[in-house]
Amino acid sequence: MEPCMPYTSHHRSPCVRSFLDLCTSHLSTPVRDALDSFEGVLAYPTGHGWLMYAPESVEERAAAFGWPEELLAIVKLARAHGCAYVLFDADAEETDELPVFEE
């Protein structure tokens, strides 16, 4: 996927970004409870989960801010699939590529 280019007088195409649709069960309870308060994480509550930005520089950001391993793995998976965001939803499908946490 090509990166989005800023709008200029020569470039007026819209920027389209993808998201990884992921079940909230891939977040442990402590991470789920603090997701939108981790330093360096941009996550917004949606009512049934969160919409979280998946930064390209995830390794650097995770190391700098001490992110939990599960969060690093989720963002790496999103980026591996060309996604700029993760939509955590309680009703989304689980994936075999990540651990599942029981409540």
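Predicted model: local features only at pLDDT ≥ 70, side-chain atom pairs only at ≥ 80, totals over all residues.
## Overall architecture

The protein contains three helices and four strands. Read from the N terminus, these elements follow the order β-α-β-β-α-α-β. Among contacts between residues at least 6 apart in sequence, 65% link residues at least 24 apart.

The chain has 103 residues, of which 35% count as buried. Its accessible surface amounts to about 6,600 Å², and carbon and sulfur atoms account for 52% of that area.

Ile-74 is part of helix α3, which spans residues 69-80. Its relative accessible area is 0%, and Ile-74 is therefore classed as buried, the limit being under 20%.

When neighbours within four places in sequence are set aside, the residues in contact with Ile-74 are Leu-20, Leu-22, His-26, Leu-27, Val-86, Phe-88 and Leu-98. One of these contacts, Val-86, is twelve residues from Ile-74 in sequence. The C-alpha atoms of Ile-74 and Val-86 are separated by 8.2 Å.

## Negatively charged surface patch

A patch of negative charge on the surface is formed by Asp-21, Glu-93, Glu-94, Asp-96, Glu-97 and Glu-102. Glu-94, one of its members, is located in the segment that follows strand β4 (85-89).

The relative accessible area of Glu-94 is 46%, so this residue is classed as partly exposed: the value lies between the 20% limit for buried residues and the 50% limit for exposed ones.

Conventions
Residues numbered from 1 in each chain as written. Heavy atoms only, no water. Helix = DSSP H or I, 4+ residues; strand = E, 2+ residues; numbered from the N terminus. Buried < 20%, exposed > 50% of the residue type's maximum accessible area, 1.4 Å probe, protein only. Contact = heavy atoms within 4.5 Å. Patch = residues over 30% accessible without salt bridge, like charges linked within 9 Å, V, L, I, M, F, W, Y side chains within 5 Å. Areas by Shrake-Rupley, 256 points an atom, 1.4 Å probe, with all protein chains shown as cover. Salt bridge = Lys/Arg side-chain N within 4 Å of Asp/Glu carboxyl O. Lys, Arg positive; Asp, Glu negative; His and termini not counted. Charge placed at Lys NZ, Arg CZ, Asp CG, Glu CD.
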